[in-house]
Amino acid sequence: MKLRNSLQAKVFFFYSLVFVAITIMASVPAYLYLKKGIEKNALNNIDQTVATISGKLDTSWGEFNSISKQAYLSTGINGRTVIQYLELLAADGKSYDTYESGKAVDDFLGLIAAIYNDIHRISIVTAQNAVYLRPSVRQLANRPPDDPAELDAVRRSSGETLLRYRDKDYAANPDDVPVFVFSRLLNPKQNKIGVIEMQIEVAKLIPLEQLAAMPGSRLLVTAGDRVVYARADDRDGEATDGEAPDAADAAGQNEYAFRQTAPKSGLSVVLTVPRAVVFAKLDLFRNVAVATVVVLILFSVAVFYYLSRVLTQPLVKLKNAIDSIDLQDAQPKIDNKFRMNEIQKINFSFRNMNDRLQHSLEKIVRFRTLQLQSQFDTLQAQINPHFLFNMLGIIQASAESGQLEQVNMLSRNLSEFMRYSISMDSPTTTLDKEASFTAQYLELMKTRYMHLLEYEFDLDPDMLFIFVPKLILQPLVENAIKHGFGGNARPLRISVVGRLEGEWWELRVLDNGAGFSDEGLAAVNGKIESSLARLDADFEQIRLDLGGMGMVSTIVRMKLQFRHQFRYAIGNRPGGGAQIMLRGTFNG
């Protein structure tokens, strides 16, 4: 019972059974699919072999018929055909015409042998048994073939093409190769002037090596009811007695019969192959597949057993180590008795996780503290008696002068300004809302400075939905108004420009005012750098007041939100005035 409920046993049996089930479910359909493909491919290969033999026989049959027609159509120098030359030779004279006729017949055969490279030998036997052939053989003239019965059978035919098999060429050496002989009687309806024969090696029409690789196979080539060629157990021969068997009759038990009939010649090719030979590759594939699956299953079971032991033994100690960890533990320790790299990595990861959690909580607390302080600074800086006195005085003056539309606008803007300033719903907002709030502030200030204050917003539409800390633009604009006039009577123009550059966004607050003095610029940059440097040290000592919320508050809060992806720059414009640049990334 204890073994059955142990984690090691459960892991071992579960994954072993799952793997065996998946292996069987995957291998059986794959085997059936591949089996069907291999069977089809094996049958198609043998059927293609039979079709190739039939096609070559049909092609040779057509070539021979074409050569026979040339004997009637092709003319020599003096305009005579081969048939006419043979008729002159039949006269059995010793004239110059007889010599010229013999040479013309010989040249015709030489031309045919040169054109058709697959011909083993082409010959013409006259009615007087004179033999003309190419390639020529010495001392063969006026000597008939070894088997006169074959020649007599052709002379008794009606001029159709006949196919025979010979174990060798009668005009060659005794060790010559076997050939197929295509024969035809010339001028059969008149004087039966001679017989034309074309010999082609059996190996050029039948793939003997391929058949030899099929033990127990039998090949038959038939012309009508006559068996022209038979091959069984690597032995060639000719069968002339009895009718040619049908493909179904030729195949015995556990054999496949393949049959092709040539469309032009009518020759039939029947090949019977034992089933074991046809599917020999399939049997080999099946045996290899079964052996592979069995070995894979056994190996996997052994691996799962070993892994279950290795993985489960450290789990109890790992659990105890995890239970002992709390957020204040600076360096949690996990026992790595088995010296496993994975356990060491987990130990390292836990330490990093603990550090990250502490750091994240500190950042959250600091950000919230800074946000609350900024909001109180906003109330102190913006909602002060002097600011409200100015705005209410302007509203009163406008009401007394009957400018009701301006009174409505000022009241609405002041209401929205105060609502946004003291809202504590979220420490962040979209750039679109921040720009709208800043525009309301500028509208309020414009009622005070009138034509001496101008402003514009030029923000890329794609960056309006970037989340930024609240109240980052208004302090910068307020600083520009406070220090920008500098006793200059010309209008102060403030521009807020936003652009996108790849993954980076950039905000610029520009004015054409007095700008920063060298001492003032150095003091501002020094205060900002000092505040940023103390973020991780004496955070509570950072003061965030530099005229209202000030630039320090804006930059510190932007740095906290965008971290290392935040850049800033404060300086003077080349043509006069101040500029403040804030830059960050979307994934900051």
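Let's start with Ile-22, which lies in helix H2, covering residues 7–73; helices here are DSSP runs of H or I with at least four residues, strands are runs of E with at least two, and both are numbered from the N terminus. The model is predicted, so local features need pLDDT of at least 70 and side-chain atom pairs count only at pLDDT 80 or more, while totals for chains, interfaces and linings use all residues. Residues are numbered from 1 along each chain as its sequence is written, and side-chain values use heavy atoms, with hydrogens and water left out.

Ile-22 counts as partly exposed because its relative accessibility is 47%; buried means under 20% relative accessible area, exposed means over 50%, and partly exposed is in between, with a 1.4 Å probe and protein chains only. The areas come from the Shrake-Rupley method with a 1.4 Å probe, and for residues only the protein chains shown count as cover.

## Annotated transmembrane regions

The unreviewed UniProt entry places the feature "transmembrane region" at residues 12–34 and 284–307. UniProt positions are given in the numbering used here, feature names are shortened, and annotations may be inferred rather than shown by experiment.

In the model, residues 12–34 are 100% helix and 0% strand, with end C-alpha atoms 32 Å apart. Residues 284–307 are likewise 100% helix and 0% strand, and their end C-alpha atoms lie 34 Å apart.

## The whole protein

Stepping back, the protein has 18 helices and 17 strands. Of its 588 residues, 40% are buried. The protein exposes about 32500 Å², with carbon and sulfur atoms supplying 56% of that area.

Contact means heavy atoms within 4.5 Å. Taking contacts between residues at least 6 apart in sequence, 62% join residues at least 24 apart.

## Asp-58 in helix H2

Back in helix H2 we find Asp-58, which counts as buried because its relative accessibility is 8%. Leaving aside neighbours within four places in sequence, Asp-58 is in contact with Ala-262, Pro-263, Lys-264 and Ser-265. Asp-58 and Thr-261 are 203 residues apart in sequence, yet their C-alpha atoms are 9.2 Å apart in space.

## Aromatic pairs

Rings of Phe, Tyr and Trp (its six-membered ring) pair if their centres lie within 6.5 Å; planes under 30 degrees apart count as stacked, over 60 as edge-to-face and the rest as tilted. By this rule there are 10 aromatic pairs. One of them joins Tyr-256 and Phe-279, whose ring centres are 5.5 Å apart with planes at 90°, so the pair is edge-to-face. Tyr-256 sits in strand E9 (residues 255–261) and Phe-279 in the loop between helix H9 (275–278) and helix H10 (280–312), so the pair ties together parts that are 23 residues apart in sequence.

Tyr-256 is partly exposed at 30% relative accessibility, whereas Phe-279 is buried, with a relative accessible area of 3%. Elsewhere, Trp-61, Phe-64 and Phe-182 form one aromatic cluster.

## Salt bridges

A salt bridge is a side-chain nitrogen of Lys or Arg within 4 Å of a carboxyl oxygen of Asp or Glu. The whole structure holds 12 of them. One pairs Arg-134 with Asp-106, the closest N and O atoms being 3.6 Å apart. Arg-134 lies in strand E2 (residues 131–134) and Asp-106 in helix H4 (residues 96–115), so this bridge ties together parts that are 28 residues apart in sequence. Arg-134 is partly exposed at 26% relative accessibility, and Asp-106 is partly exposed at 23%.

Another salt bridge joins Glu-197 and Arg-166, with the closest N and O atoms 3.6 Å apart. This pair links distant parts of the chain, with Glu-197 in strand E5 (residues 194–201) and Arg-166 in strand E3, 31 residues apart. Glu-197 is buried, with a relative accessible area of 1%, and Arg-166 is buried at 8% relative accessibility. Beyond neighbours within four places in sequence, Arg-166 has contacts that include Glu-150, Pro-178 and Gln-199.
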